[in-house]
Amino acid sequence: MARILLLALGAAALVAGVLGGLARLGLPLDVASGAANHGALMTGGFLGTLISLERAIALGEPAAYAAPLAAGAGAMLLLAGAREAGLWVSLAAPVVLAIVSARLLRRQAQTHIVLLLVAALAWGVGDALNVAGAAPNAVAAWWLAFLVLTIAAERLEMTRLTRRPAAAAPAFHACVGTILAGAAASLAWPVAGGVALGAGLVALAAWLALFDIARRTVGTEGFARYSAAALLAGYAWLAAGGVAWCGLALAGYAWRDAALHALGLGFVFSMILAHAPVVVPIVARRRMRYTPWMYAPLLLLHGSLLVRMAGDAGMPAWRAWGGVLNALAIAAFAATLANALRNRMADGARPTTTAGRPRR
Amino acid sequence: MAEESRGTAPSLSAFDYSGPPGLAPAIAAALRRVVDPEMALNIVDLGLVYGVEIQGRDAQVRITMTSAACPVAEMIIDDVVDELSGVLGEGAKVDCELVWEPPWAPERMSPRARSAMGWD
């Protein structure tokens, strides 16, 4: 039950963050605190809650749930207008997540878990910079590093299943190092830092496109194929977002919407669409059946993002339309997910029980 | 390597088994019905099953995961308990333990899984 409540906190942050984003695009919505905190709600409030919830379940210790609780509660405080309290409560989440990651590392000393720990620290740096009132691009760079490195860590773990050339591991580390160096430099040297971060993202996209198991599983069927399609489409946006981030550093604000949303929506949300049908049933302790309808929100997400990018490239009206369709894609995915959960329950499947315990 | 010796009875040598020999094929078949959703491969082919011990009507299973940070373990354990309960019948006690020693390595994958992931 606690898991569902934490999931609900994350979902509330998502809804508020999306509405705030639409208000920023000029839609007549009365959501001042959502609009003011769009980035914090989407990154820490929504994704931070989900990611730390996922890790808490994996660790299986009650104290680990303090991370998603802090992330979700912090987002709610921000929404309620208690900005100062919200930022400080939010900051507790990456601290606990870093401790949880360190404990997982003690259980299994693997590179990808080290990277999860580094990602949690990047989230903490982003939050701390936000508290300190640093430049928005520097905060965004660290938040982005958190999301990208978390996803990269999870995919790196999967690539262990495939045969990789000897150069793959050092190349991966070089990508991660460049991204971190770029984020670190963004505060003092915004241009050099931004270009390094963008280049690191493009390189990581190429690495993932080359070595991820998605290249193989896209040739299978059912959920595995759908998931692989979402992953590969996400990698294309990761590369595009890296280029746009360089544009943001070199040419300025005009590139900001494209950079943040190629990465935040095109890459990160595509990963969510690939991953959520596995994770949400675990969090909700239910079963889910794959349906080809899952492709519909995936296509809508990527199509609507192209519309938005056309807007960014000089057709302002398209940007708002793209944004509305982006929001619809997220809503459609949530509906598809809810329906797949409900279907499976109606089929007579039992809710899952605590791990390791006999069901009957 | 070990794969060569698996040629004759791949369903049995993929993990340690102790229990009535007659039950082994059904146990292996049940575990093969537990599939990792993202990889489209079952847990036996992935080499995630370390051992199965049957005593009377009860089963003790040891499995591992490729990552300690992944919450899918919970679902896979439930599936294992579910499938083995189906084989052992009503009232059987199935205990599935998640272990991290020895750590999983790609060498544990079956020839079929290795081929699907491009090793051969």
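These questions and answers cover the predicted model shown above.

This is a predicted model, where local features need pLDDT of at least 70, side-chain atom pairs count only at pLDDT 80 or more, and totals for chains, interfaces and linings use all residues. Residues are numbered from 1 along each chain as its sequence is written, chains are lettered from A and ligands numbered from 1 in the order in which they are written, and side-chain values use heavy atoms, with hydrogens and water left out.

Q: What makes up the pattern of chain A?
A: Along the sequence the pattern reads α-α-α-α-α-α-α-α-α-α-α-α-α-α. Chain A has 14 helices and 0 strands. Helices (H or I, at least four residues) and strands (E, at least two) are DSSP runs, numbered from the N terminus.

Q: Why is chain A called as compact as a globular protein of its length?
A: The globule rule is 2.2 Å times the number of residues to the power 0.38, and the radius of gyration is taken over C-alpha atoms. For 360 residues the rule gives 21 Å; chain A has 19 Å, which is close, so it is as compact as a globular protein of that length.

Q: How much of chain A is buried?
A: Buried residues make up 55% of its 360 residues. Buried means under 20% relative accessible area, exposed over 50%, and partly exposed in between (1.4 Å probe, protein chains only).

Q: Why is B:Glu107 called partly exposed?
A: Its relative accessibility is 44%, so B:Glu107 counts as partly exposed. B:Glu107 sits in the loop between strand 6 (94-98) and helix 5 (111-116) of chain B. Its C-alpha atom is 9.4 Å from that of B:Leu46, 61 residues apart along the chain.

Q: Is A:Cys246 buried or exposed, and why?
A: A:Cys246 has 15% relative accessibility, so it counts as buried.

Q: How many disulfides does the rule give over all chains?
A: The count comes to 0.

Technical notes
Disulfide = S-S within 2.5 Å.
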